[in-house]
Each structure stands twice: as C-alpha cells, then as structure tokens.
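Hello,

Here is the structure I promised to pass on. Please have a look at it first; my notes follow below.

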Amino acid sequence: MLKADSKGVLSGTYNLSGNEACIEGAFVAGCRFLGVYPIVPSLEAVERFLNRCRETGATFIQMEDEIAVLAAVLGAVWTGRKAMTVTSGPGFSLMMENVGLGVMLETPCVIVDVQRFGPSEGIPNRAGQGDIMQARWGSHGDYEVIALSPSSPQEMFDLTIKAFNLAEEYRTPVMIMTDESVAHMKEEITIPPAADIKIRRRRYYKGPKNNYLPFKWDKNFIPRMVDIGKGYKFHVTGLTHNERGYPVINAETQELNVHSILNKIRLNSDKIVEFEEKNTQDADVVVVSYGITSRDVSEAVEQARKEGIKVGTLRLITVWPFPEKRIAELAKQVKAFVVPEINYGQIYFEVERCVRGEANTLSVFHDRSRDNGIHNILDAIKRALKESK
Amino acid sequence: MEALETIKVREKENHPMEPLLRMDRIPHIWCPGCGIGTTVTAFVSALEKLEFDLDKVVVVSGIGCTGRVAGYIKLDSFHTTHGRAIPFATGIKLGNPDLKVVVFSGDGDLVSIGGNHFIHAARRNIDITVILVNNFIYAMTGGQVAPTTPVSAYTTTSPFGNFEPPSNIPQLAEAAGAVYVARWTSLHIRRLTKSIAEALQKPGFSVVEVISPCAMYYSRINRLGEGIDMMRFYHENSIIKHGEPTENLDIKYQKEIVVGKFVDRERPTFIESYNRWIGETKS
C-alpha cells in the first residue's frame, strides 16, 4: 500500500454527481487512462475526466465502439497505467468479449456500468439494475468477477478507489455496477487529504528478466505483473495457457488455468465481500438490496418498523462475490427475505439459492419511475411475512 | 578422378534468428508451403537491420494462423481476441508512446471482424505498423470464404465459387488515412523486408499487406497444387508497380497481382495531435 498521489486528489468537500465523484475516485486511485464510447447515462463522468486530465497527466481516447474501448484499456494497463472505462447496458454487452480476455490475461482494470433499463436500447435515462447477472456471467467460459454497487455519490468516490485497489490486489477486472439515479444525483461528498487514502500498488515481478512467468501463481493464486518495454520479452494469450503464458491445449492445463482464475477470488471471498447490515438481530424479515434501491428500502423499512414489523436490511456493497455465508446464516434465523431490484429477479435468485428453502424469499420489481415504489417494498415485506407463516 | 570430400557432420548450430524467436515453442503450427513463416523472417530481418531497442518493440496479434505470430516472436507479445489486435495496440501506444507497436495478423482478423478498428486506427493515424498476411481464406478454421477471397474461388463455405467481391486492402487503408501502404507476396523476401523496415520507421499508421499461399485449404480445394506451385504462381504473376493508384489493386482469381509501395505520405499522428491539444488548452 502507498499514499495517494496528491496530484490527483482534490481534497475538500464538494457537491458532485455520482458520475463526477466516480472520476475523482479514479484519479485518487491513480487511474491515468480512460477509454470510452459515448453512452447515456455515463457522460458526466467522461466530461469530468476530460476537464481534469491535463492537470493529472491522464490520457483519454474515445474509441469506435465498446469492444475497442476495453481492448484499448487492457493494452494501456500492460504499459503500467491504471485504466478504466465507463459505459451503460448496450456498451457493457459489447465489452463482454474483452472482459473474458481481461480475466484470462489477469489484467487489472475498472469497468463502470451506469445501468439503465433494457433489454436492448431500453430507456437510456432511467435507472435499471438489469445487468447484475451479466456482470457475473456475461462472457463465455468459467470465471469469477468482483463487482461493487455504490448507493450514493460519496460511495461512488469511495468504491471507485476500492475497485482499483481490488483490481490490483487480485489482478482482475473489477466492475462498478451503479445506476442512472446514483450516477446523476448530486450530493455533498468529502475527498480526504491524499495522505489519508490507501492505494494498492501494482504487484510487480522483480526477478531475472529471462525468467518472468506471467501466470506464476503464488499461494494466493495471484501472479505478478511486469510492464511492456522493460525487457522481460513475455508472452500472454487468451488461449488456455501455462505459467509462462504459452498456449497449451490439454485438460490438465485447462484445469490449472481455470482453477487459478476461480480460486483467487473464491478463496479470498471472505476478504472481498462487503455488506452493510442493519437491525437484523431481532428481524423476522430481511430486505436484501443494493445501489439506489437500498435508499428506498431504508424509507420502506422505517415505515414498517413504525407499524411494528421486525424488519432488518442487508445492503450489498460487493454484489460479486455474493455474501453466501451470511445469507445462509440469516436464513436460519429469519422468516422471510425480500429482494427489491430494478429488474424482475436477479440477486433474488442468489438469495434464494443461499436460503435453501429455510425461509420465504420474495422478489419485488422496484420501479423507481412510479411513485408507489416504496409502497411496493412495504407491501412485499408484509406479504413475505404473511406467506411465511 | 577427384577425391570425394568427406561429409562433415555439422555441429549443432543455433538458429540465426534465435535471439528473436521463442525457440521453446518451435516447431510452429504453420503448414508446409505457408507464407507466414517467411513473413516472420522478413519482420525479424527488418528488426535486426534497424537496430531498434528490442525491449521497446511489442507485437500484438489477433486470432487465426497469422494471429499465432505473437507467440513465436521473442519480444513483449500479446495474443488477443479475434479482430481486436488494433485497439489493444492503440491502448499500448497511448499508454506508453515510447514503444514501437506492431500488429501482426491476418486478413480475416484485421479486415473482416476487425475492419472497423482498422479504418479508425488509420483515420486517427495511430502510430503503429500493421503487417497483414492475406491468404484469401479463413485458414485456422478450415478454409471458409473471407472478405479477401477472389471471386469464383472455392472455399468450404463457397462450394460453388465465391460470388462476393473482395476487399482491396491497400485501397481501404489509403482511403481510411494510412500514411504508408505496400503489398508484396511472401516470395518477395528482400523487398518485403525493406518495406517492413520502412513501415516501422514511418510515424503513423503503416500497412504492409503480404500475399501468402495457403497450401492447405486454399490451394487444395481450388486444385492449385502444392505450396511450391502457389509460390511459383505468385512469383511469376506479380508485377511491381510502385505508386500504382490503389483503385487498381483488386485481386482477381489466379490473375496477376500488383505489388509495390503505393502510399507514402505525411499526416500528423494521433499522439502529435493529442499533445498539441493538451498543450493548447493548458495555455
């Protein structure tokens, strides 16, 4: 760990949108490369980056499509930069090809998905949460991802730093699964002094130049990196490969390669998983939510408590890996789970999987664009409790 | 009668290009009669001649037969996704402008699935060199029709002869904005080497198209003989016409192939323009 580079840190208190706060977090984390293709509702982030990239010495490019964007981001990372992109659903779909490459080349980078309604073009300027499963499963083959879900501009700032730190820690793409509401809302955010912010430095290989193994898995399954141009003459490939990065086409190598990609996240998931739990000690019902939805949940839960219902909340900060153990523990203690999302059930299935029939689990389509959204959550809490008896 | 010379058992010698090849990966996967190997030789010879700092040269490939080049060259090298070698290389060049970035890939990779990236990298004049091996076919997957297959040629997916007009790669590159465009066959080893060296030294987006025999899938289905027969055909039927307008460079089935250097011009590179923009906005 090292202290944040003061060049990128605008310490102080500001009124910023989630999109803008995200970029400030990126600068603090040391990000100096942004690749984008313009898409609503992520553009305030791009403008913020452009306005600040001269003083921070960062590089910006608008590519021809989102496939190219992520390819360029991965290329820039191997030159020693920290790099990111911001997008929304349709662009996120196009990026899936190179998410797989990023996973396979074990390349740290940050992908911000400002979610909107889908499928396809959907509604570009309305908050959605329909890409959560795509973040987990969108590229082909077996892999694990880390995805975070901020619920305020302050968290957009904090979690962007965390995302870069996790990307470097685990040498993997990290996704920030935010939504149009959090990205567009303006709130006061505080950027601490550079000296108070911890930044994860890239883990470099420092041995002899002719002996670098790009995928030499250490005890935590996290291999070391080198930068292009330093004389290591290394090779990496998206094909199934051995430690040296050379393609090897057999079942043993496939197993070794995929297991290491899975294990570096799975074996460390207790360290990675983060959530915020409130009032669950005496709860009959637990509402599991993330992102903008969790703000509406707080309001609905407050109302339910006033009506005498024992209800608690679990807010996901990491969506992936999912807090399986905690949900399973709570399932033994509570009667029901309610999972409001701006989709027709994605994290709901994860909760249901972990609950294993121990409690009633209810999915709520939480449509923020209608004013009875909070009542839907409240009704669902009551219904879940009633059905569980 | 002269005395017979005793045949000397040669001592094991190193391959002359060993410093630039990953000998631990040789033998390579390319078929006998394929032109990719000679193109690699031309590239390596060009690098040796130029005396670049080889620590600063990076090779990026996409997917396909030519896509495997990155895996055999002993430089920092990346084997990326299908068609995305150019945007990956763009990120590398922007991430560290001191690097010499070379994209080494095939016609299907760069002109079909990666066609959009090819056009826009040329338009932006990203300072990279593209060595594009054109074998008229998707060879790695078993010989399907490509956007470069000449009209009437048979492939596994054009069993009655191809009816789609092929891309004229030099014309495409010139129209999109490339500053250096040349075409050779893999038989023009010396000229190809010279062209690759020129392209590597040229600031901006440079393209060297290399017509290569696919002795396995293209030649067999079209009954064009062995690799050596295709090589002979390409050699005897290529005409060197430097500066030929690129609109005249269409390739027709088993007809003459115009080769040479067609475009060599100056345009500000992306990074030059970018730095000017940064500088101007600062003041």
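How many residues of chain B are in contact with chain A? The count is 33 residues of chain B, against 36 residues of chain A. Two residues are in contact here if their C-beta atoms, placed from the backbone, lie within 7 Å.

A word on the basis. This is a predicted model, where local features need pLDDT of at least 70, side-chain atom pairs count only at pLDDT 80 or more, and totals for chains, interfaces and linings use all residues. Residues are numbered from 1 along each chain as its sequence is written, while chains are lettered from A and ligands numbered from 1 in the order in which they are written.

**Between the chains**

On chain B, the elements that give two or more residues to the side touching chain A are β2 (76-79), α2 (85-95), α4 (115-124) and α9 (270-282). Helices (H or I, at least four residues) and strands (E, at least two) are DSSP runs, numbered from the N terminus. α2(B) gives the largest share, 8 residues. By class, this side of chain B has 11 nonpolar, 13 polar and 9 charged residues. Nonpolar means Ala, Val, Leu, Ile, Met, Phe, Trp, Tyr, Cys and Pro; charged means Asp, Glu, Lys and Arg; the others, Gly among them, are polar.

Strands also pair across the two chains. β11 of chain A (residues 235-237) runs parallel to β2(B), over 3 bridges. Pairing requires that DSSP finds at least two bridges between two strands. A:Val236 stands opposite B:Phe78 in β2(B).

**Inside chain A**

Chain A is assigned domain 1 (2-199) and domain 2 (274-388); the bounds come from an automatic or database domain assignment. Their centres, taken over C-alpha atoms, are 27 Å apart. In chain A, 21 residues of domain 1 are in contact with 20 residues of domain 2. On the domain 1 side, α5(A) supplies the largest share, 4 residues. That side has 10 nonpolar, 7 polar and 4 charged residues.

**Chain B as a whole**

Chain B has 9 helices and 8 strands. Its radius of gyration is 20 Å, close to the 19 Å that the globule rule gives for 283 residues, so chain B is as compact as a globular protein of that length. The radius is taken over C-alpha atoms, and the rule is 2.2 Å times the number of residues to the power 0.38. The C-alpha atoms of chain B fill a box of roughly 85 × 50 × 35 Å, along the principal axes.

Best wishes
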